[in-house]
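I opened a new structure today and kept notes as I went.

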Amino acid sequence: GESTIISLSGFAGDTSIQALPFQWQFIGSGPGLGTVSNAYNKPILANATAVIGAAGSRVYYEYILCYRKTSTPGDSPLSINFYNPNFAVGGGNTQTISLSSVFYLPDSDSYDIGLCVFGSGPEYLNMPGKVNGWVQVLQ
């Protein structure tokens, strides 16, 4: 059936990452994250695009949309929304990545939603870039 948008949150900001190898993390912070509340049992549609990269040798990384509770960002682990993350290889330059996802949040708390990256090798993702996107709560 048809869906109605009941809230919309846009986000844009610097990627501000020094992505650690073998660890999932948001590639944006502050204005680089969307926030939704009271969306339990409602479909969430999210989209994000970013420019990321690494200086030096080749870097392997995965990227995905993810979320965490806004109220306890330091204690709340990132939750991953896809079974198979997208995989990309970068090095010595930048690359634009983009994806969309539909998912459900586990309760009616407030959540930060954004693009996450996982470094799959010993090098850092360290080139500055931008991230932007949007999050919709549907009815």
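I began with a cut-off: a residue is buried under 20% relative accessible area, exposed over 50%, and partly exposed in between. I also noted that this is a predicted model.

**Entry 1: lysine 69**

I looked up lysine 69 and read 26% relative accessibility. Next I asked: which side chain meets lysine 69 in a salt bridge? I found aspartate 109, at 3.6 Å from N to O. Aspartate 109 sits in the loop between β8 (93-103) and β9, while lysine 69 is in strand β5. The two are 40 residues apart, and I noted that the pair links distant parts of the chain. Aspartate 109 is partly exposed, with a relative accessible area of 26%. I then found a network of salt bridges that links Lys69, Asp107 and Asp109.

**Entry 2: other salt bridges**

How many salt bridges does the structure hold? I counted four. One of them joins arginine 68 to aspartate 112, with the closest N and O atoms 3.6 Å apart. Arginine 68 lies in strand β5 (residues 59-69) and aspartate 112 in strand β9 (residues 111-119), so this pair ties together parts that are 44 residues apart in sequence. Is aspartate 112 buried or exposed? I read a relative accessible area of 9%, so aspartate 112 is buried.

I turned to aspartate 14, which forms a salt bridge with lysine 130. Their closest N and O atoms are 2.4 Å apart. Aspartate 14 belongs to strand β1 (residues 5-14) and lysine 130 to strand β10 (residues 130-138). This pair is 116 residues apart and also links distant parts of the chain. Aspartate 14 has 44% relative accessibility and counts as partly exposed.

**Entry 3: nonpolar cores**

I moved on to the largest nonpolar core and found 27 residues in it. Those with the most contacts inside this core are Ile44, Ile52, Tyr61, Leu105, Ile113 and Leu115. Which strands each supply at least two residues? I listed β4 (44-54), β5, β8, β9 and β10. β4 gives the most, with six residues.

Last, I noted a second, separate core of five residues. Among them are Phe26, Leu33, Ile64 and Cys116.

Definitions and conventions: Residues are numbered from 1 along each chain as its sequence is written. This is a predicted model: local features need pLDDT of at least 70, side-chain atom pairs count only at pLDDT 80 or more; totals for chains, interfaces and linings use all residues. Side-chain values use heavy atoms; hydrogens and water are left out. Helices (H or I, at least four residues) and strands (E, at least two) are DSSP runs, numbered from the N terminus. Buried means under 20% relative accessible area, exposed over 50%, partly exposed in between (1.4 Å probe, protein chains only). A nonpolar core is a set of buried Ala, Val, Leu, Ile, Met, Phe, Trp, Tyr and Cys residues joined through side-chain atoms within 4.5 Å.
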